[in-house]
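Welcome! Let us take a walk through this structure together, one part at a time.

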Amino acid sequence: MTPPLKIENLTVRANRCTILSQVSLALRPGDFVGIIGPNGAGKTTLLRAVLGLCEATSGDVHLDGRALGRLSARERAALVAWLPQQALSSEALLVLELVVAARFRFRESHAESKTAAMRILEEVGAGSWSHRRLGELSGGERQRIAIAALLAQEAPLLLLDEPANHLDPRRQIEIYRLIGALRRSGKSIVCVTHDVNLLRHAVDPPGEDLRVVGMSAGRTLFDTALSHSGLHEKLTDLYRIPFHRVDTEAGSFLVPAPGPGEPAR
Amino acid sequence: MTMRRPWILLFVVGFLVASPFIGPSLDGTRGDFVFWSLRLPRVLLGFLVGGTLSLVGAAFQTLFNNPLAAPSTIGTSAGATLGAVVALIWAGSDTVVGLPLVSLSAFAGACLVTLLVAALASSGRAQVHQILLAGIAISLAASAISSGLRYTTDLNTLAQSVLWSLGHLATINYGTVGVVLPFVVLVVVVFFTQIRAFEALSVDADRARSQGVDVRFVRALTLGVGSLGVGASVAACGPIAFVGLIVPHIVRLAFGASQRILIPLSFVIGGAFLVLCDVVARTAFSGREFPVGIVTAGLGAPAMIWLISRAGRR
């Protein structure tokens, strides 16, 4: 099967500063890749490069076997959809209008767009908010609308940038469960996050697994399974602070904590 | 909201039909002439020009995602004024193929300045607010050159150019309407076909690109076609202040931010607004015409302030 996303030796430079250096990554259909790494590691730039929002200095990006540079904006939108890190801020727009706008790539009537948008809002449990203004919704509700807009594009590959940003713990878990359900419905997913523990909530049943790719200073350092027993050691190297593995009844969690030789503050 | 819309449209259409009858009595031998040859073309042109300025303003505000974007702020009006001043000084009232050189030169000035801004926008390197700032800078530069030229000229040309820059609908005939109409049709057709792109762009430009909008193309097209429309409008009536900036906001505050409402209603209400201002301009001071550009600002600004204070209370 053609990989939904294949990145080969991607390098991005801007203002003489190398943001990505020789990054390679390939997804199989239905793959879930969590990308973690410190601020400034190049995670967001990697997603933007896949969308053609920033230009690659060298290297190749293929979406569904087709070179990114040869796709029109509409063709690209049919293959990949993006949930940016910044929350939606068009306060005056109606929720339904916002989701309708995300269906730009379809050559369909406004009525058809509206029907599809309504169906998708119901799917993410936001059907009753369709005629409310974005400004009237809470952060968690807005993120649900952003995910509805993401799904409205009906692309097989989803790029998510910190999907649980600024949400309370319960909303964070809800969003990751929703993302897990999307993967099981057949989407391929790349998800940038700081919190590797949140990725667990996207895994259900627990036997299921996902890939964790660690990035630092524009390079990929590791590509391993979330269930890998030595992941906390890799995180220690990645963030340069000690990580410990804490096993609980609900599963094992990786927590940063000062270790021996690290002064407690 | 939805219930109110048909009534407002009906009211607008009713006002437009009634507007040529407003004013001194049409009885007597000159009545027919005044109605058919003076007032009707004036109402037609006022509607087309007001509609175009306001429609282009609405599209620019969406395009730049900025409430201050309008033909007057990105340099179109200043470019047109510069063109008109240059023609008034060096060519006076000459005509080329039946069209006044002042209008042709104003048209060229409007298009040139907007094309400069459009070139910046489509290069793709500049950020949206930088494009807008560049437009303001170009606008100020064009105004400075116009003022410099006026300063060096004689009093008569100075008076003419100041009068021109206040905006006027008085010296209109069907010929002017015929020249402006194709540009208005172009703007309306192109902008209406871009409504889906405007909807995506109104959320944010990067999201729109990821959703399949060719943002560079839409920007260049909107700026290019918009400058033709505004250029033609300004060439016919002078730079009319406030319509392009304020009417889209009035529509947004009264009917919501949806592009599907904003784009068509900006045209209709902008057109009706300028006709209303022109009725005031020609009837309020009996026997004496008042420049319509002063009336648009005089009526538009208080209406805007009232709507903002109401929106704040909601």
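Two strands are said to pair if DSSP finds at least two bridges between them. Keep that in mind as we begin with chain A of this predicted model. Strand β4 of chain A, residues 58–63, is joined to β5(A) by two bridges, and these strands run antiparallel. Here A:L63 stands opposite A:R66 in β5(A).

Now step back to the sheet these strands belong to. It is an open sheet of four strands in chain A, with the order β2-β1-β4-β5 and antiparallel pairing. At its edges are β2 (17–27) and β5 (66–67) of chain A, each of which pairs on one side only. Helix α1 of chain A, residues 43–50, lies across β1 (5–14), β2 and β4 of chain A, and runs at about 65° to β2(A).

Let us move on to chain B. Two packed helices are described by the angle between their axes and the distance between the axes. For helix α2 (residues 31–64) and helix α7 (residues 174–193) of chain B, the angle is about 30° and the axes are 10 Å apart. Angles under 35 degrees count as roughly parallel, so α2(B) is roughly parallel to α7(B). The contact between α2(B) and α7(B) has 16 nonpolar residues, two polar and no charged ones. Among them are B:L44 and B:V56 in α2(B), and B:V180 and B:F191 in α7(B).

Finally, see where the chains meet: 17 residues of chain B are in contact with 23 residues of chain A. On the chain B side, α8 (195–201) and α9 (205–210) each supply at least two residues. That side of chain B has five nonpolar, five polar and seven charged residues.

Conventions:
Residues are numbered from 1 along each chain as its sequence is written. Chains are lettered from A and ligands numbered from 1 in the order in which they are written. This is a predicted model: local features need pLDDT of at least 70, side-chain atom pairs count only at pLDDT 80 or more; totals for chains, interfaces and linings use all residues. Two residues are in contact if their C-beta atoms, placed from the backbone, lie within 7 Å. Ala, Val, Leu, Ile, Met, Phe, Trp, Tyr, Cys and Pro count as nonpolar, Asp, Glu, Lys and Arg as charged, and the others, Gly among them, as polar. Axes are lines fitted to C-alpha atoms, for helices over the stretch in contact, and angles run from 0 to 180 degrees between N-to-C directions. Angles under 35 degrees count as roughly parallel, over 145 as roughly antiparallel, 65 to 115 as roughly perpendicular and the rest as oblique.
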